[in-house]
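Here is a briefing on helix packing and selected residues. Look at the structure first, then read on.

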Amino acid sequence: MESQTIVEALLLGLLEGLTEFIPVSSTGHILLAGHFLGFHSTGKAFEILIQLGAILAILSVYFRRLWQMLLDLPHDRLTRHFVIGILIAFLPAAIIGALAHDFIKTVLFESPRLICIMLIIGGVVLLAVDRMNLKPVYRDVERFPTRLYLQIGLFQCLSLIPGTSRSGSTIVGALLLGVDKRAAAEFSFFLAIPTMVGAFAFDLFKNRNVLSSADLPIIAIGFVAAFVTALVVVRYLLDYVSRNGYALFGWWRLVVGGVGLVALFVWG
C-alpha cells in the first residue's frame, strides 16, 4: 500500500464510517470506491482492518450499557438471555464466513459487477419492506425469543455476499420477523460487535504474513476517519429510522448500484 495516497485512505475511511451501520453495504462501497480509485491493499486487509475504527465507535457510544451488562451478567437472567441471544445470532455467519473465507475474498470481493447488482437488489428489497404494513411484535432487543435471535442470525449470512450489507440483511430480516424499526437497527448495532470483531481478528490472522510496517500509516488514517464518522452515524441513526424508516437507504443503494454499473460499462 506504499503508493496509495493519504487522500485515498482518508476518503475510504470516511466512507467506511458513514456506511458501516446503515443498510447500504460498507464493504460494497469500499470495494467499488477502491476499484475506481485503483486502490489495492495487501490481501484486502485495509478494507477489513479500518473496520476497527467503526467497532470502537459503537463500543464508545454503548460503553455504559455494555459495562452494566457485564456487571449484571452473573446474576441477571434477562442480561444472560440477551448476551446468549447475540452469540446465537452471531454463530451462523461466523461459521460460514470462516469456511468460505478464501472464496469470499478472492472471488466475490473481486467482482464489482456483482456488488452493484446486490446493491440494486437490496435497495428494491429495502424499499418494499419499508412500505409494507408490518405490525411490530417485538420492541425490546433484550426480550426477543431465542428462536428470533437465531432467525436474524441466519439472515445475516446473506451479508457474506459483498453489496448485500450486514446491517441491511439483519434489519430486513428483523422487520419481516416482527421487530419494530428502531429495535431492528439497535439489535443490528449489538450484533455488529462480535461479528466485526470476529471478522477483524480472523482477517488479521490470515494476513499476518503479508502485512508490513509500511501498511500501518495508511491503515491508521483510514481507521481514525472511520471512527469519527461512525461515531456520528451511531449517535443519530436510531432517532432517524424511528421517524423516517429506511426508504432513504433503499434509494441510496439503487443510485450507487446503478451509477456503478454504468461506470463499469463505460470505464471497465
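Ser-25 sits in the loop between α1 (6-19) and α2 (26-37). Helices here are DSSP runs of H or I with at least four residues, strands are E runs of at least two, and numbering starts at the N terminus. The model is predicted: local features need pLDDT of at least 70, side-chain atom pairs count only at pLDDT 80 or more, and totals for chains, interfaces and linings use all residues. Residues are numbered from 1 along each chain as its sequence is written, and side-chain values use heavy atoms, with hydrogens and water left out.

**Serines with positive phi**

- Ser-25 is not a glycine, yet its phi is positive, near 75°.
- Ser-25 is buried because its relative accessibility is 4%. Buried means under 20% relative accessible area, exposed means over 50%, and partly exposed lies in between (1.4 Å probe, protein chains only).
- Ser-165 also has a positive phi, about 95°, without being a glycine.
- The loop between α9 and α10 holds Ser-165.
- Ser-165 has 4% relative accessibility, so it counts as buried.

**α1 against α12**

- The axes of α1 and α12 come within 7 Å and cross at roughly 30°. Axes are lines fitted to C-alpha atoms, for helices over the stretch in contact; angles run from 0 to 180 degrees between N-to-C directions.
- α1 and α12 are therefore roughly parallel. The classes are: under 35 degrees roughly parallel, over 145 roughly antiparallel, 65 to 115 roughly perpendicular, and the rest oblique.
- This crossing of α1 and α12 is right-handed. A crossing is right-handed if the near helix is turned clockwise from the far one by less than a right angle, and left-handed if anticlockwise.
- On the α1 side, the contact residues are Ile-6, Ala-9, Leu-10, Gly-13, Leu-14, Glu-16, Gly-17 and Leu-18. They meet Ile-218, Ile-221, Gly-222, Ala-225, Ala-226, Thr-229, Ala-230 and Val-233 of α12. Contact means heavy atoms within 4.5 Å.
- The contact of α1 with α12 has eleven nonpolar, four polar and one charged residues. Nonpolar covers Ala, Val, Leu, Ile, Met, Phe, Trp, Tyr, Cys and Pro; charged covers Asp, Glu, Lys and Arg; the others, Gly among them, are polar.

**α4 against α12**

- Helix α4 (residues 51-61) and helix α12 (residues 216-244) have axes that come within 7 Å and cross at roughly 40°.
- α4 and α12 are therefore oblique to each other.
- The crossing of α4 and α12 is right-handed.
- From α4, the contact takes in Leu-52, Gly-53, Ala-54, Leu-56, Ala-57, Ile-58, Ser-60 and Val-61. Facing them in α12 are Phe-223, Ala-226, Phe-227, Ala-230, Leu-231, Val-234 and Arg-235.
- By class, the contact of α4 with α12 holds twelve nonpolar, two polar and one charged residues.

**α9 against α10**

- α9 and helix α10 (residues 166-176) pack at about 140°, with axes 8 Å apart.
- That angle makes α9 oblique to α10.
- α9 passes α10 in a right-handed crossing.
- α9 contributes Ile-152, Phe-155 and Gln-156 to the contact. α10 contributes Arg-166, Ser-169, Thr-170, Gly-173 and Ala-174.
- The contact of α9 with α10 has three nonpolar, four polar and one charged residues.

**Glu-142**

- Glu-142 lies in the loop between α8 (112-131) and α9 (146-156).
- Its relative accessibility is 17%, so Glu-142 counts as buried.
- The side chain of Glu-142 makes a polar contact with the side chain of Arg-65 (3.3 Å). A polar contact is a pair of N or O atoms within 3.5 Å; within protein, one must be able to donate a hydrogen and the other to accept it, and residues adjacent in sequence count only if both atoms are side-chain atoms.
- Leaving aside residues up to four places away in sequence, Glu-142 touches Arg-65, Leu-78, His-81, Phe-82 and Tyr-149.

- Pro-194 is in helix α11 (residues 181-206).
- Pro-194 is buried because its relative accessibility is 18%.
- Pro-194 touches Ile-86 and Phe-90, not counting residues up to four places away in sequence.
- Tyr-236 belongs to helix α12.
- Tyr-236 is exposed because its relative accessible area is 58%.
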